[in-house]
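Hi everyone, thanks for coming.

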Amino acid sequence: MKMTKHGGNLVQLTRFPLLFPVNVFLVREEDGFTLIDAAVSGSAPAIIKAANALNGEIVRLALTHAHSDHIGSLDALIAALPNAELAMSAETARLLAEDREAKARKAPDKAPPALNPRVLSPGARVGSLEVVAAPGHSIDQIAFLDARDRTLIAGDAFQTRGGMAVSGTVNWSFPFPAFATVDKAQALETARALRALEPARLAVGHGDVRTSPSAAMDAAIRVAKAKVQKAPAHA
């Protein structure tokens, strides 16, 4: 897993950096690390190893949304970090609960344990991070703004792999976030709201972290706006 440090508080961990980059982020706090997202299945050992190499313990695990490339190692991380706080939006909690209930009905002997997360609302704090509503790519997505240096961890509201793009805008060099977006118009409104936060650094689920991202975000929003306006009314 590739490790990249950004400023004094943010560490980017990337699985499959050359083929299908999936990022999670360690945010340094006085009491340890807050981990944002759980990557794909099989990532837990590398995530924990990275935190240990940085001389820190993961004390919180917060999710941006419930897509499989953001929660794949969730159960393994929970098992390895029994004292870490688990936090997510109410919609993410509902989606995960429904999925676990379905698995329990299908295979009771292999059912994953029920979750008891802290439910996050916009404006809540997770360590130094402020929770920001960010639906559109998914119904449950939230973002996190670091109050110390205005780093914005935006989930899949934007991507930077293959160039900056708003979720829902197809970039054919890396189209997958667009294909998974449920509401392109809402994703555009979220992009505008996140841009209005004037982030000093933008960290996303897929692609490099960008410093001073405002101009690139503006350009991506213009492209997304044009595509949404051209879309058929029933789309």
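I'll talk about a pocket and then about a pair of helices.

Before we start, please keep in mind that this is a predicted model.

I've picked the second largest pocket, which holds about 200 Å³ of space. Its lining comes to 14 residues, and those nearest the pocket centre are Lys-2, Gln-12, Pro-17, Gly-207 and Asp-208. Which elements give two or more residues to this lining? They are strand S1, residues 2-6, and strand S2, residues 10-15. S1 gives the most, with three residues. If you sort the lining of this pocket by class, you get seven polar, four nonpolar and three charged residues.

Now over to the helices. Have a look at helix H6, residues 184-195, and helix H7, residues 214-230: their axes come within 10 Å and cross at roughly 160°. Because angles over 145 degrees count as roughly antiparallel, H6 is roughly antiparallel to H7. The crossing of H6 with H7 is left-handed.

Who meets whom here? On the H6 side we have Lys-184, Ala-185, Leu-188, Ala-191, Arg-192, Leu-194 and Arg-195, and they meet Ser-214, Met-217, Asp-218, Ile-221, Ala-224, Lys-225 and Val-228 of H7. By class, the contact between H6 and H7 has eight nonpolar residues, five charged and one polar.

That's my tour, and I'm happy to take questions.

Key. Residues numbered from 1 in each chain as written. Predicted model: local features only at pLDDT ≥ 70, side-chain atom pairs only at ≥ 80, totals over all residues. Heavy atoms only, no water. 1 Å grid on protein atoms, 1.4 Å probe; cavity = no way out; pocket = protein on both sides within 12 Å on 5 of 7 lines; lining within 4 Å. Points joined across faces, edges and corners; volume = space filled by probe spheres on them. Helix = DSSP H or I, 4+ residues; strand = E, 2+ residues; numbered from the N terminus. Nonpolar A, V, L, I, M, F, W, Y, C, P; charged D, E, K, R; others polar. Axes fitted to C-alpha atoms, helices over the stretch in contact; angles between N-to-C directions. Parallel < 35°, antiparallel > 145°, perpendicular 65-115°, else oblique. Left-handed = near helix turned anticlockwise from the far one by under 90°. Contact = heavy atoms within 4.5 Å.
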